[in-house]
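Colleague: I have just opened this one and would like a walk through it. Could you take me around?

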Amino acid sequence: MHSVVEICLIILFLPLISSTALIFFNKRLPRGGDLLATACIGIPFCLAWYVFYRVIAVGHDPQFLITGAMQWFTIGPGNAGWGFHIDNLTAVMLVVVTTVSFCVHVYSIGYMRGEDYYGRYFSYLSLFSFSMLLLVLCDNLLLLYVSWELVGLSSYLLIGFFFRKHSAADACKKAFITTRVGDVGMFIGLLMIYRQTHTFNYIEVFRGVQEAVQSGAWSETTWTIAGILLFCGAIGKSAQFPLHVWLPDAMEGPTPVSALIHAATMVAAGVYLVGRLYPLFSPDALLFIAYTGLITAFFAATIAITQFDIKRVLAYSTISQLGYMMTALGVGGFAAGLCHLMTHAAFKSLLFLCSGSVIHAAHTQDMREMGSLHKKMPVTFWTMLIGAAAISGVPLFSGFYSKDAILASALGFGMEHPNHRIIFIGLLIGAGITGFYMFRLIFMTFFRAPADDHRYRHAHESPRIMTGPLVVLAILSAGAGWFALGEHGWFERLVVPYSVGTAGVAPAAVEADGHSAHNIAMILSIVMAGAGILISAVFYYWKTCSAERWAKALGPIYRLVYNKYYIDELYKKTAVGGTLIAMRILAVFDRVVIDGLVNFSAYFVRAWSYISGAFDLHVVDGAVNGLAWGTRLVGTISTLFQSGVVQNYIMKVVAIVAFILLFQNILTTFL
Amino acid sequence: MMLQPTLSHYLVVSSCLFVLGLFILVTRRHAVRLLMGIELILNAANINLVAFNHYTATGLDGHVFAIFVMILAACEAAVALAIILAIYQQYANIDIDRMNSMRE
Amino acid sequence: MDEWLSSLVFWTLAAVIVGSALITAFARTLVYAGFALLFTFLGVMGLYLYLAADFLGIAQLVIYVGGILVLLLFGVMFTQGGGLMKQPGRGAIQIPSAVMAVGMAFVVLLHVVLYTPWPVMAVERAAEPTTRTIGTLLLTKYLLPFEVASVLLLMALVGAVVLARREAKEQK
C-alpha cells in the first residue's frame, strides 16, 4: 500500500505547482494558464478516484490507516512533523475535494471567460485546492491549523476577487476577520492539548488526552472546554451560529467559488475537523456541538425562506445543512454526518453552479426578476431540479439517504436521552422548511410568468463547458447516497471514528438504536419533505395563496426573519460600535485633557497678561511667547509617543525590551 | 589573572559595538551613517560568533556563520547604497526624516 | 611575560575598536566617521586573528575594509552634505532619551554576559589554519546555504545595477 502515499503526494502537490506557476507566469501562458490549472486538478481527480477504489472497494477495511511523518521542528519536550494520515475518511474527502474542485475548474473556464485577472483567478483556485487537500491529508494538529488558515486565506482572496467592487472588498474582510474569531479559540484549544500531551500527531494526541482524562490530570470540565475551544474553529469556518454572518456576504465572490469553497469544501472543513478529532470531544462537548448545529440548522432555514437573492437562499441553505452535519456528529451519528458532508458537497455545488448558470443567463441575482427559464435552459433546469430534490430529501436521491440517517441518529439519541428530543423535532421541522425554500427557489426561477420580458428574451442556455460539470455533479448527487448508504452501504461500516477506547457518546450504542429508529425517521422525513414541497407549490406554482399577503399578515415576524434576526445589526452595535465608543473616549480624553492643558496654559497666561499688560506692553509679548511655549511643550510631549518617525519607534522598542529584561533578569538576581 | 582575555571580555567588546551601533541607528538622520551603525551591529554579532566558537565549540561552524553574515552585510550595503543614491538623485537630500512620501 | 604581552595586544585592540566606534557614533562629519569605521574594522580583524580565525580575519579585511567601507565612502562623497536640515524639537529630546534606552540595553547585555555560566571548554584550542576546514564545511554541511547565499549575492548585484540604471536614465 506504499504507493498510496506517493499518489497522495502527487495529488497534494500538483495544485501547488500550478498555483505557483500561474501566480508568476499567468500572462505568459496560453489562455492565462487555465488549462494548466485544470490539468493539475484533473490528474489528482483521477488519482483520488483510484485511491478511493483501492482503499474503499478493494481494501474495505474499517481499521485501514497509513501514516508517515517527517520531523519538522522541536519545541520543548515535543515536536511537530510533516506527515500523512490516510484512512477511509481521508479517501472519501479526497474524492469529494478533487471532484468538486475539478468540476469547478472546468465550469470556471466558461463562467469567468473575459474577466480581468483571469489567470490569477485560476491560481487562487489551485491554491485553495492545495490547502484543502493538505487539510484533509495532514496527520497533526499543527499542520491542520496551518492548512486551516491557508484555506481561509484563499477564501479571502477569492471572495475579494472582484476587489474593485466595494461590497466584495468588504465581504472578504468580514469573512476573514469573522473566521479568525473562531480560529483564536481553536488555537487556544490546540495549545491546551499540546501542553498536556506534548505532541500534535492525531493518534498520539488521542491517546494522550485519553490518558490525561483517565489519570485525572484533566478533569471532565477541562476536557469539555478543550473540545469546545477546538469546536470554535469549526464554528467560524463552518459558519455556525453565532459566527455565520460572513457566509451570506461571501456570496460576493464569483459563483464557482461559492460552489467550491462556500458550499462544498471549505465550510465543510469544520465538520471534517469535528469528525477527525472525534475522540477529543467529551460527551458534554458533543452535546454543545449538537445544540449549536440544531440552532444553526433551524434558524438559517427560516431565513432562507424570506430571501430573494438566489445565491443568498443557497448560502443560508448551506449554513442550515452544515448545522445538520454538526448535529449529527454531536448526537453520535458519525457516519451520517460525514456522509451528509459528501452528498451535500455534490448537490450543493451542483445547485451553486446551476445558479451561476442562471445568473449568467439572466444577468441578475434577484429571483423576483427571473421566471419561466425552464424552457430556455433545459439542462440547467433539470440538473437544478435534481439538486433541489436531493437537498429536500426526495426518496432515492442522495440527500434523502444521508438526511434520513441524520434524523435516525437524532431520533435514536432522543430515545436514549428523552430530555434531548427537541433535537429530533427541530431537525424534522427544518427538513420540511428545506423542501419549502428549495422548491420556492425552483418555482420562482424557472416557472412563473417572466417578470422582465427583456431579460427573458435574452436568456440562453450556458455553453457546454458549463453544463458538462452540471451533468456530472447531477449524476453524483442523484446516485451518491444510494451507493454509499443504501442496501449495500459501505459508509457506515468503513467510516468510523478513530478508536482509542473512549469515544464521546459510544457511537455503537446509538447506532443500534438508530436502526430501530430508522423506519420511523424515514417515513416522517418523507412526509415533512413532501409537505414542504407541496406548500411551496401552493404558494409559488398554483398561487392558491399569495405569499405577499401572508408576509404582511405575519408582519413583525416576517420582518425579523427577513432581516436575518438583526444579527448583523447587533454585531455592528456591539463589536463595531464598542470599538467606536472606545475611540470616542480616547478622542474625548484628547480634547479634555490635552486641549485642556493647552487651554489652561493659555488662560493662565492671558490672566497674567491682563494683570501686567496694563502696566507693561512687553509682558503681553511674553504672554504670547508663553502661550506658544506651553502649546509646544504639550505638543512635544504628545508627539513623543506618536511621531511616525521610524527611529523613534526603534528607540521605544529598545527601551521597552531593555526595561522588561532589566526587571526580569537583574532585579530577580539581586532581590 | 584579570587582564588575561576570556570569553566575557570578547562579549563585552561586542556589546559595546552593538550598543554604539544601536545608538547611531536611533539618533542619526544621515542615511549613510545609519548604514555604518548597521555594520557595527553586524560586526558585534560576528565577534560573538567567533568568540563562542573559539571558547565553547569544537568545529568551525561559527566561522561559517560569520562568513554568511559578511555576505549578508555586503548585499545589504550594496543595495542600500544604490537606494540611497537613487533617493539622492530624486530629492537631493537623504535625510531619513524626510523620506516619508510613502507615508501620507 | 608572554601572557602579559598577549593581554596587552587584546586590550589595545579592544581600545581601538571601542574608541573608533565611539568616534563613528559621535563624529560631526561623515568623512571622520567613515575613517573611524576603518579602524573599527581593522580592530575587529585583529580580534579575529587573535582568536585564531585567520581566514575570517582576511575576509574581514577584504570584504569590510576593501568592499563595504569603500562603498560607504563613495556614498558619503556622492551625497556630500546630504541636504540635512536643522529640525526643531527632535534632536533635543532624541539624544538624551536614546542614551537612556541604549544604556539600559547595555546594562542588560552586560548583566547577561557577566552572570551567565558559559560552558567554556577547559582546554585552550590550538591555533591552526582554518581555511581548509571552512572550505570543507561550506561545500558539505553548509552547501545549501552557501548556494542560497550565492543566489542572494547575485540578486543584490542585479538589484543594485537596476537601481543605478534607472537613475542614469533620469539624468538624461
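Modeller: What follows is a short tour, taken chain by chain.

Modeller: This is a predicted model, in which local features need pLDDT of at least 70 and side-chain atom pairs count only at pLDDT 80 or more, while totals for chains, interfaces and linings use all residues. Residues are numbered from 1 along each chain as its sequence is written, and chains are lettered from A and ligands numbered from 1 in the order in which they are written.

Colleague: Okay, chain B then. How many helices and strands does chain B have?

Modeller: Chain B has 3 helices and 0 strands, where helices (H or I, at least four residues) and strands (E, at least two) are DSSP runs numbered from the N terminus. The order of its elements from the N terminus is α-α-α.

Colleague: And what share of chain B is buried?

Modeller: Of the 104 residues in chain B, 59% are buried, a term that requires 20 or more other C-beta atoms within 10 Å of the residue's own, with 12 or fewer counting as exposed, anything in between as partly exposed, and the C-beta atoms placed from the backbone.

Colleague: Is B:Ala31 buried or exposed?

Modeller: B:Ala31 is buried, because 21 other C-beta atoms lie within 10 Å.

Colleague: Switching to chain A, how do α11(A) and α13(A) cross?

Modeller: The axes of helix α11 (residues 269-276) and helix α13 (residues 310-330) of chain A come within 10 Å and cross at roughly 5°. That angle is why α11(A) counts as roughly parallel to α13(A). In this contact, A:Val271, A:Val274 and A:Gly275 of α11(A) meet A:Leu322, A:Met325, A:Met326 and A:Leu329 of α13(A), and these residues divide into 6 nonpolar, 1 polar and no charged.

Colleague: What do those axis and angle terms rest on?

Modeller: Axes are lines fitted to C-alpha atoms, for helices over the stretch in contact, and angles run from 0 to 180 degrees between N-to-C directions. Angles under 35 degrees count as roughly parallel, over 145 as roughly antiparallel, 65 to 115 as roughly perpendicular and the rest as oblique.

Colleague: Where does A:Leu407 sit, and what does A:Leu407 touch?

Modeller: A:Leu407 sits in helix α17 (residues 398-416) of chain A, and A:Leu407 is buried, because 31 other C-beta atoms lie within 10 Å. Not counting residues up to four places away in sequence, A:Leu407 touches A:Phe424, A:Leu427, A:Leu428, A:Ala521 and A:Ser525.

Terms used. Two residues are in contact if their C-beta atoms, placed from the backbone, lie within 7 Å. Ala, Val, Leu, Ile, Met, Phe, Trp, Tyr, Cys and Pro count as nonpolar, Asp, Glu, Lys and Arg as charged, and the others, Gly among them, as polar.
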